[in-house]
Amino acid sequence: MDQLILTEGDARVSGQLRKLDARLPESGLADYRLRAGETGLALNARLGQRLRLHYAGAIHCVHCGRHTRKSFGQGYCYPCFSTLAQCDLCLVRPETCHYFQGTCREPEWGEQHCFRPHIVYLANASGLKVGITRASNTPTRWLDQGAIQALPILEVATRQQSGLVETLFKAHVSDRTNWRAMLKGEVEPLDLVAERDRLLAAVAPGLDALRATHGAEAIRALDTPGVVSIDYPVLSWPRKIQSFNFDKQALVEGTLTGIKGQYLMLDSGVINLRKFSGYQVTVEAA
């Protein structure tokens, strides 16, 4: 992303759409860039301006570049979706990891990405939720979910173990975000430290059992300095959520009123850009 060419002033960029590039400066206000091919559009400064997004009718796999009539798993062609380890069910449900059964789709990829420290965290996007991510993927993961607060609580040795830990928590707290509630801007701050203490007490027997199986150091409590608070560039929140879909309409346009998670909020509706990764688009801003 350091090589992304950003445009200024009146802009027109074209290329394969990718997920929004989101960063969190020290100010605490999320900073967004729209990515289309090798070019990008700085979005925060364009609040209140008109955006026009036109889908050209072509989709190319984000992995192999193959033309595909339908996108699978947020931007993949079917052959990649059905063969890549990064598209396997265990990426969504890591507790089902089958590496040690010898059936991993790409063992080398799994060793590089799944056998790395992962964080179990609490976040507040549409209410309290538990989640997992690689230790190197914070705070991007929280930005992608539209969380206004986040608190890492545990570090585990592997992705599979993070899934096993998350399963314990899911008996007491959701692991999902209500995207409609997240976009309405009505989420109230929570005491995540108190919630952490409550939930850790509730799952303590299960954590002890996992440590007995995987080793005492495999699951480590984190003593983080405090809750991460995140603000988003929003001029106004939508009263009614109307979602755009490039598969049903090629043209999306309106005044940019906010960005949160992977959503652009326009005065005419909202669109989840990550959902349309690989779609060939032209974006015009003025």
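**Figure 1. Cys64 is partly exposed, at 39% relative accessibility.** Buried means under 20% relative accessible area, exposed over 50%, and partly exposed in between (1.4 Å probe, protein chains only). The model is a predicted one: local features need pLDDT of at least 70, side-chain atom pairs count only at pLDDT 80 or more, and totals for chains, interfaces and linings use all residues. Residues are numbered from 1 along each chain as its sequence is written, and side-chain values use heavy atoms, with hydrogens and water left out.

**Figure 2. The cysteines form zero disulfides.** A disulfide here is a pair of cysteine sulfur atoms within 2.5 Å. Cys64 takes part in none; its nearest cysteine sulfur belongs to Cys80, 3.8 Å away. Cys97 is likewise in no disulfide. For Cys97, the nearest cysteine sulfur is that of Cys90, at 5.8 Å.

**Figure 3. Cys90 and Cys97 are among the residues nearest the centre of the largest cavity.** A cavity is found on a 1 Å grid over the protein atoms alone, as a set of points where a 1.4 Å probe fits but cannot get out; a pocket is an open set with protein on both sides within 12 Å along at least five of seven lines; lining residues have an atom within 4 Å of a point. Grid points are joined across faces, edges and corners, and a volume is the space filled by probe spheres set on the points. The structure has one cavity of 30 Å³ or more. The largest cavity has a volume of about 190 Å³. Its lining counts 18 residues, with His98, Tyr99 and Cys114 also among those nearest the centre. Helix 2 and helix 4 are the elements that give two or more residues to this lining. Helices (H or I, at least four residues) and strands (E, at least two) are DSSP runs, numbered from the N terminus. By class, the cavity lining has 11 nonpolar, four polar and three charged residues. Ala, Val, Leu, Ile, Met, Phe, Trp, Tyr, Cys and Pro count as nonpolar, Asp, Glu, Lys and Arg as charged, and the others, Gly among them, as polar.

**Figure 4. The largest pocket has a volume of about 2,000 Å³.** Its lining holds 45 residues; Gln74, Leu91, Val92, Arg141 and Arg274 lie nearest the centre. Elements giving two or more residues to the lining include strand 2 (11-23), helix 3 (140-145) and helix 4 (159-170). Strand 7 gives the largest share, six residues. The pocket lining divides into 14 nonpolar, 16 polar and 15 charged residues.

**Figure 5. Lys19 and Asp144 meet in a salt bridge, 2.4 Å from N to O.** A salt bridge is a side-chain nitrogen of Lys or Arg within 4 Å of a carboxyl oxygen of Asp or Glu. Lys19 lies in strand 2 and Asp144 in helix 3, so the pair ties together parts 125 residues apart in sequence. Asp144 is buried, at 13%. Asp21 and Arg23 form another salt bridge (3.2 Å, N to O). Asp21 is buried at 9% relative accessibility, while Arg23 is partly exposed at 34%.

**Figure 6. Glu284 and Arg12 join in a salt bridge, 3.8 Å from N to O.** Glu284 sits in strand 14 (residues 279-285) and Arg12 in strand 2, so this pair ties together parts 272 residues apart in sequence. Glu284 is partly exposed at 30% relative accessibility, whereas Arg12 is exposed at 59%. A network of salt bridges links Arg12, Arg52, Glu253 and Glu284. The structure holds 14 salt bridges.
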